[in-house]
Amino acid sequence: MFSTLEVDVRPGSGLGMFEIGTSLWNVLDILRGLQHFFPQVDVKYDPDSPTTPIILHLRPHLDLLFSSHHQRLHTISVKKLRDPNPPLTLTYKNSVLSSSEDALKRVGVSRMFGPTYPGEDLRYPGISFTFEEDGRGEPLKGPAAQPDDRRLEVKQVIISQKSLDGERKDALDEVTECPAMVGELSRAVAKVHEGITLYFYPSGSEPTRILLGSSTAQDLTVDLGPPLRVHYKEDDRMTIHSRGNQSDAGADGDYFYNYQQHGMDFLISGATHTVKKIVLHSNVPGTPLFQRYKRCPWEIEGRPEDDEDESPPRKRFYERVEEIQHFFAPGEAPPSMILNRTDDEDGLRLPSATTRLFGYDGVILEATESGHVVSVTLF
């Protein structure tokens, strides 16, 4: 016996616990607490693109489409309205719109939402109703629906942002700024040997600067709040590659502040409590760290060509590693190290488990074999 899933429809805004503009990381975190309603979540994406749109399929009723660059909830599709596993009830303004017992008909939509323009579907700002499983209804013959059309059963409800010009938003567009983004990271501008500047929603908020060797653990707590996790640095295997004395390569007592909600880690000196390293995560689907961190929309800023250049060159998280390498050092790429993050996890198999580490002065790029940059480390 399934409990009824009752959710309120909010045109242009969301459905139940799902709000347009919420990040993929946050939505999956919500779903972990709702396994009684959503015991199976299918994650669909294009493995050949680091900026692929992502679809969460929540059987049998929901498809959640996330934007390709910033991984934010773009479109909510509701299907199989009368499937009883689990029963689904849609409400609108405290009135029942649809349930497993009461089919939603064209006439019911018109009564609830009022008139709209003629077309294959019934479209209103921020919501549309279709009468075929694939979302493509038959064209109407004439300016008004025929008598039999009034009894057509709704097969799919689609919720998306309201567009300013009244046109339907393209499924591949990014989500425009909305209340669900307030307080979240808009972009992170990184400068090698210096640090990062963080810009948060809403637009126009005062940016936050975090400087290598200067900003302290206390500064991070004041500017970003307490980290979700703190752990001490235990893995010193990379010290074997240090050019200096290996015993001095890793300082005792160094610890990490993990801000998974912003897609960042900070390594902090155990002696001075200042920031030693900054790690920015891209949250690429199919990689071992996928969904451990929210996507950080990082940009690496280079030096301006001259003093009058107000737009210094930048490389961004969605560009391929070859382009970013050329940005740092035109010519042949440096030798890379191979890292397999599943070596410590017996029985774990992932399509992009092996990555390569490319080291430059002050920065390390971690990239998949297909050229997607998984993380950037500043030191």
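**Figure 1. Accessible surface and overall make-up of the predicted model.** In this predicted model, the accessible surface of the chain amounts to about 20,100 Å², and carbon and sulfur atoms contribute 48% of that area. The chain has 379 residues, of which 47% count as buried. Its secondary structure consists of 5 helices and 25 strands. Among contacts with a separation of 6 or more, 53% are between residues 24 or more positions apart.

**Figure 2. Salt bridge between K294 and E184.** The side chains of K294 and E184 form a salt bridge with an N to O distance of 3.2 Å. K294 belongs to the loop between β19 (275-281) and β20 (298-301), and E184 to the loop between β12 (156-160) and β13 (185-191), so the pair ties together parts that are 110 residues apart in sequence. Both K294 and E184 are buried.

**Figure 3. Salt bridge between D254 and K276.** D254 and K276 meet through their side chains at 2.7 Å, N to O. The pair links distant parts of the chain, 22 residues apart: D254 is in the loop between α4 (246-249) and β17 (255-259), and K276 is in strand β19. D254 is buried, at 3% relative accessible area, whereas K276 is partly exposed, at 31%.

**Figure 4. Salt bridge between E319 and K315.** The closest N and O atoms of E319 and K315 are 3.2 Å apart. E319 counts as buried at 13% relative accessibility, and K315 is buried at 18%.

**Figure 5. A network of salt bridges.** Salt bridges link R187, K191, E299, E301, R314 and R316 in a network. The count of salt bridges comes to 18.

Conventions. Residues are numbered from 1 along each chain as its sequence is written. This is a predicted model: local features need pLDDT of at least 70, side-chain atom pairs count only at pLDDT 80 or more; totals for chains, interfaces and linings use all residues. Side-chain values use heavy atoms; hydrogens and water are left out. Helices (H or I, at least four residues) and strands (E, at least two) are DSSP runs, numbered from the N terminus. Buried means under 20% relative accessible area, exposed over 50%, partly exposed in between (1.4 Å probe, protein chains only). Contact means heavy atoms within 4.5 Å. Accessible areas come from the Shrake-Rupley method with a 1.4 Å probe; for residues, only the protein chains shown count as cover. A salt bridge is a side-chain nitrogen of Lys or Arg within 4 Å of a carboxyl oxygen of Asp or Glu.
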